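Open the model in your viewer and keep the selection tool at hand. The tour goes from rings to the interface, then to cavities and the backbone.

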Amino acid sequence: MSFKRSKRAIRFIFMALAIGLSVSGCGNDFVLLHPAGPVAASELNLIEITAATMIVIILIVWVLFGIALVRFRDTPGNKAPYRPLWDHNKKLELGVIAVSVVAAVIIAVPTWNKTFALAHVPKGKSPIVIDVTSLDWKWLFEYPSQHIATVNYIDVPTNRPVLFELTADSPMNTFWVPQLGGMEYTMPSEVLPLWLEASKPGLYWGRSGNFSGSGFVHMTFNVHAVPASTFNAWVRNVKTTQPKMTMADYRQLLKFNWIAPRYYSAYPAATFPAETHGFTLEGGMYMEMQPTPK
Amino acid sequence: MSSLLALLFPPSTTRNMELSADVLIILASAAIIFYLTRWHRWKYLWREWLTTVDHKKIGIMYLIAAVTMLFRGGTDALLLRAQLAVPNNHLLGPLHYDEIFTTHGTIMIFFMAMPLIFAMFNIAIPLMIGSRDVAFPRLNAISFWLFAFAAFLFNISFVIGGSPNAGWTAYPPLTELAFNPGVGQNYYLMALVVTGLGTTATGINFLVTILRMRAPGMTLMRMPMFAWTTLVTSVLILFAFPPLTVAMVLTLFDRLFGTAFFTIGRGGMPMMYVNLFWLFGHPEVYILVLPSFGIFSEVVATFSRKKLFGYSTMVYSVLAITFLSYGTWVHHFFTMGAGAAVNVFFGLSTILIAIPTGIKIFNWIFTMWNGRIKMTVAMMWALAFIPTFVVGGATGVMLGAVPGDYQFHNSYFLIAHFHNVIIGGTVFGLMSGVYYWWPKVTGRLLNERQGKWAFWLFFLGFWLTFMPQYALGFMGMTRRMYTYSHGFGWSSLNLISTIGAFVMGAGFVVMVYNFVWSQIHGEIDVTGDPWNGRTLEWSTPSPAPEYNFARIPVVTDRDAWWAMKQEQKTNVVQIKPQEITDIELPKSSGIPFLMGLSFFVFSVGMVFSWWWIAGAGFLGFVVCMLVGTFDYDDHKEVPRQEIQNTESAFGRLQG
């Protein structure tokens, strides 16, 4: 079987399992299985590899366990061998170690590759930058190149990487859009980068994945992925029709509440840290930060 | 006066649910006090239990406390699941839900699992290694009372002062005063510091006990597997709890004295807390599971009537796990920007630690292989562990694969995973241990029929509760959400999960009934060896006398008692009257109890910032230390006549 075919087979088995699990009968609700961009697709691919490997291990254990349980019961007349002193077998023990090591290597190699690969925006593609600040209990998005800001809603162009620079003016949250890719923390006085990309137009929901107080459940937002021309039109529309954000507006956003999406045609630069302390900007990051036009 | 009342009884303590709990607590306390007074049991309680330093009685007290805490933590769990049963539910408000998931997690880890583990240590280890007590009996009692008063402190928070509400991990800055006024978080911090001190002392105690007090002939490689896992667990405790205490104390300083270790402003660094917490937290999960691994090794071998397969591989696996468990903590926060290289290191170490664990699973199966499996309740818990835990371990590896974790982090996939390993590993193992060693400390066997009912309800309930949660993770449901709306497709799986939780609750009720019923009507264990056991504890009568062994046994083989039985040498447990000598035992003391009380008073003072009360508590602690230090009258002789009478009553006197 070719590699591609086996990959498809794995995906098929996994989908079948997922659909079987879904009592609602609606597989589309399994957002992790429906990636809408390269990052989420790559992560799903690794999840499939690890799941398939682990299912093999689970089945080996279950089958051996089942046989032992049936064959060696303490029932009168059981003809199976009884060897109370049988306590080692070199070949068997080495075999177990070998199986475990092989399984570990199968998982370790793609883990290594993908961790490094996903750490960088793909070379040759220039990302659009969005500065994200988690607040109690809402998301503030600022587009440094477009000079607009939004709350709890973003438009992004399709087929272009989006570099999210994440920080918090609140307790920690994580920024997560499951169909576009995995999450990353937002932390006060740190800026962490995360790149995602939508390869097809659509409306994808996002939420915070880290508890941050009683309004945390309301920290949801929508990501609207649209073709570049539509995106540019949307930016122009926001710039011409929406109010400017002042520092007073920003302080209003710091209040402990949740609100509907908002749009601003401009925002004060001081609302996002120009410099951060700690290690994030000095190497050792999950991802090298692209120089951002400020 | 009114400000004091507002401090003691904020709105979160005056909801209907809390007020009904108040009534129940007052009624139960009144009933206990009435019982103790009416039947003149106060003295008995003080003399036989509160001041005891006997490891077996301390083990029983840990067991009772742990089952009580399982009730509290389980009630919390059922409330959480009831709230999530249907979308847009209003059974609990968001604040209420936040408090309950915080106390659920904290109680289950620190005040249920840990004491149940220490119950097993105390009940089994000295008997297993042929010792008369632990190395430091009074310290053992101090450990218990620090735990007990810390548990009490943590549990009163919801009726006086308000519960903590920032999750059992309590990440700052959410736990800082700016976001978390009120005293709830102080309760959490003080309770964990105090119980942590007790736990550390327990680690020291069992480390020294196992290294120094084994019976003659019991070399390290002849120790029962449970002694091995207890030994390495003790080492893990010694290195894991200091970072936790540091994290707790620094947060407390931020809250009480205005420092800025983890605050948002003034240079605070919340991520430092996360590192400290998981530097404790990851070894902690092995602290939770290794003792159970030891119990499975004993139980599976006993009820397969066969030697443990691959003993030395098991020992090296446990040592490898111990070592590696300090190199995996970052996998709890891959998504916190530590860098690709760091993440790969910790991802691979996580995958690596699965190898020794996997080897152990296979070795238990091979222990059953070529054996004769007897289906007792203790064995059923151990058997249930194997197919369950392997799923939890497998999903753990999936979480260790870094980019996969970016999608799974904090989702219900994670929730399902850690309940899968902690219930499927730790709890199943401890239940197996409870059913296995119960006759040794109580002298009665637990009813098997009731035990099987409890087992099946709990086991099936477990699968029903947590398998749907894996799927919910794939649907994007994250932890600690107090409610969810229609339209995500989460409703039916949540309902199934809730049903499963209530089935588990029913299993718990049957189990407690089983305990109580068996204590009254259960079959009396006359032989001291009801399971045809392999290790030394089964050579003693049930319940074992205070001094454990009239004569310390000499060990010549790995399964010492099994070997004696095979060689027809079981009469070594019988003793000739002229061979009996006086036995020196530690003497009961009120100091451990009073020291726990002092820490309680100190903690209450710290929680409410009443410095004079904190000062009084601290003074009490200093006095206890001084009195204890100069108390040279700390042991007693059991006269040989008394030993002769006891042994003769057990029919273990020769000639």
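Rings of Phe, Tyr and Trp (its six-membered ring) pair if their centres lie within 6.5 Å; planes under 30 degrees apart count as stacked, over 60 as edge-to-face and the rest as tilted. Over all chains, the structure holds 93 aromatic pairs.

This is a predicted model, in which local features need pLDDT of at least 70, side-chain atom pairs count only at pLDDT 80 or more, and totals for chains, interfaces and linings use all residues. Residues are numbered from 1 along each chain as its sequence is written, chains are lettered from A and ligands numbered from 1 in the order in which they are written, and side-chain values use heavy atoms, with hydrogens and water left out.

**Charges over rings**

Select B:Arg41 and B:Tyr44. The charged end of B:Arg41 sits over the B:Tyr44 ring, 4.4 Å from its centre (NZ of Lys or CZ of Arg within 6 Å of the ring centre and within 35 degrees of the ring normal). Stay here and select B:His40. Its phi is near 50°, a positive value in a residue other than glycine. Most residues other than glycine have a negative phi. B:His40 is in the loop between helix H2 (16-38) and helix H3 (42-50) of chain B (helices are DSSP runs of H or I, at least four residues; strands are runs of E, at least two; both are numbered from the N terminus).

Now select B:Arg305 with A:Tyr82. The charged end of B:Arg305 sits over the A:Tyr82 ring, 5.6 Å from its centre.

**The interface**

Colour by chain. The contact (heavy atoms within 4.5 Å) takes 90 residues from chain B and 92 residues from chain A. Together they bury about 8100 Å², 73% of it on carbon and sulfur atoms (accessible area, 1.4 Å probe, lost on being put together, summed over both). Select B:Asn370, B:Arg372 and B:Gln407: they supply 10% of the area that chain B buries against chain A, more than any other three residues.

**The largest cavity**

Next, select B:Met225, B:Leu308, B:Tyr311, B:Arg558 and B:Asp559. Of the 14 residues lining the largest cavity, these lie nearest its centre (a cavity is a set of points on a 1 Å grid over the protein atoms alone where a 1.4 Å probe fits but cannot get out; lining residues have an atom within 4 Å of a point). Helix H9 (residues 270-303) of chain B gives the most to that lining, with three residues.

**Cis peptide bonds**

Finish on the backbone. A cis peptide bond joins A:Asp136 and A:Trp137, with omega about -10°. A:Trp137 is in the loop between strand S1 (128-135) and strand S2 (138-143) of chain A. Another cis bond joins B:Ser542 and B:Pro543, with omega about -15°.

Methods
1 Å grid on protein atoms, 1.4 Å probe; cavity = no way out; pocket = protein on both sides within 12 Å on 5 of 7 lines; lining within 4 Å. Buried area = accessible area lost by both parts, 1.4 Å probe.
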